[in-house]
Amino acid sequence: MCILLRAFRKDDFQQVLDIYGDGIRTGIATFETKLPDWSLWNKNILIIQEL
């Protein structure tokens, strides 16, 4: 098995949003009640970048 780690990119957002939505639907994974759009997600989620 090979695992590749890389920085989160905007084109990953839909897949992440699908998983996050599953968590919202359970009612126990987050306090959020609706899915954010890209601008809100990008503003509120810490992004660590290499300098």
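Biologist: What percentage of the 51 residues of the chain counts as buried?

Modeller: This is a predicted model, in which local features need pLDDT of at least 70 and side-chain atom pairs count only at pLDDT 80 or more, while totals for chains, interfaces and linings use all residues. Residues are numbered from 1 along each chain as its sequence is written, and side-chain values use heavy atoms, with hydrogens and water left out. Buried means under 20% relative accessible area, exposed means over 50%, and partly exposed lies in between (1.4 Å probe, protein chains only). Of the 51 residues of the chain, the share that counts as buried is 16%.

Biologist: How many helices and strands does the secondary structure of the chain come to?

Modeller: Helices (H or I, at least four residues) and strands (E, at least two) are taken as DSSP runs and numbered from the N terminus. Counted in this way, the chain comes to two helices and zero strands.

Biologist: How far apart are the end C-alpha atoms of α1?

Modeller: The expected span of a helix is 1.5 Å times one less than its number of residues. For the 14 residues of α1 this gives 20 Å, and the model agrees with that expectation, since the end C-alpha atoms of α1 are separated by 20 Å.

Biologist: Which residues of α1 are buried, and what arc do they cover around the axis?

Modeller: The buried residues of α1 are F13, L17, G21, G23 and I24. They lie on the same side of α1, because the arc that they cover around the axis, taken from the directions from the helix axis to the C-beta atoms, is only 160°.

Biologist: Which exposed residues does the face of α1 turned away from its buried side carry?

Modeller: The buried side of α1 has a cover that includes α2 (38-44). On the face turned away from that buried side, the exposed residues are Q15, I19 and R25.

Biologist: Which residues does P36 contact, leaving aside its neighbours within four places in sequence?

Modeller: P36 is found in the loop between α1 and α2, and at 15% relative accessibility it counts as buried. The C-alpha atoms of P36 and Y20, which are 16 residues apart along the chain, are separated by 9.7 Å. With contact meaning heavy atoms within 4.5 Å, the partners of P36 beyond those neighbours are F13, L17, Y20 and W41.

Biologist: By about how much of a helical turn are D22 and R25 separated?

Modeller: A salt bridge is a side-chain nitrogen of Lys or Arg within 4 Å of a carboxyl oxygen of Asp or Glu, and the structure holds three of them. In one, the side chains of D22 and R25 meet at 2.5 Å, N to O; D22 is partly exposed at 44% relative accessibility, whereas R25 is exposed at 62%. Because D22 and R25 are three residues apart in helix α1 (residues 13-26), their separation is about one helical turn.

Biologist: How far apart are the closest N and O atoms of the salt bridge between R9 and D11?

Modeller: R9 is partly exposed, with a relative accessible area of 41%, while D11 is exposed at 58%. In the salt bridge that joins R9 and D11, the distance between the closest N and O atoms is 3.3 Å.

Biologist: By what distance are the C-alpha atoms of K10 and W38 separated?

Modeller: K10 has its place in the segment before α1, where it is exposed with a relative accessible area of 54%. Although K10 and W38 are 28 residues apart along the chain, their C-alpha atoms are separated by 7.9 Å.
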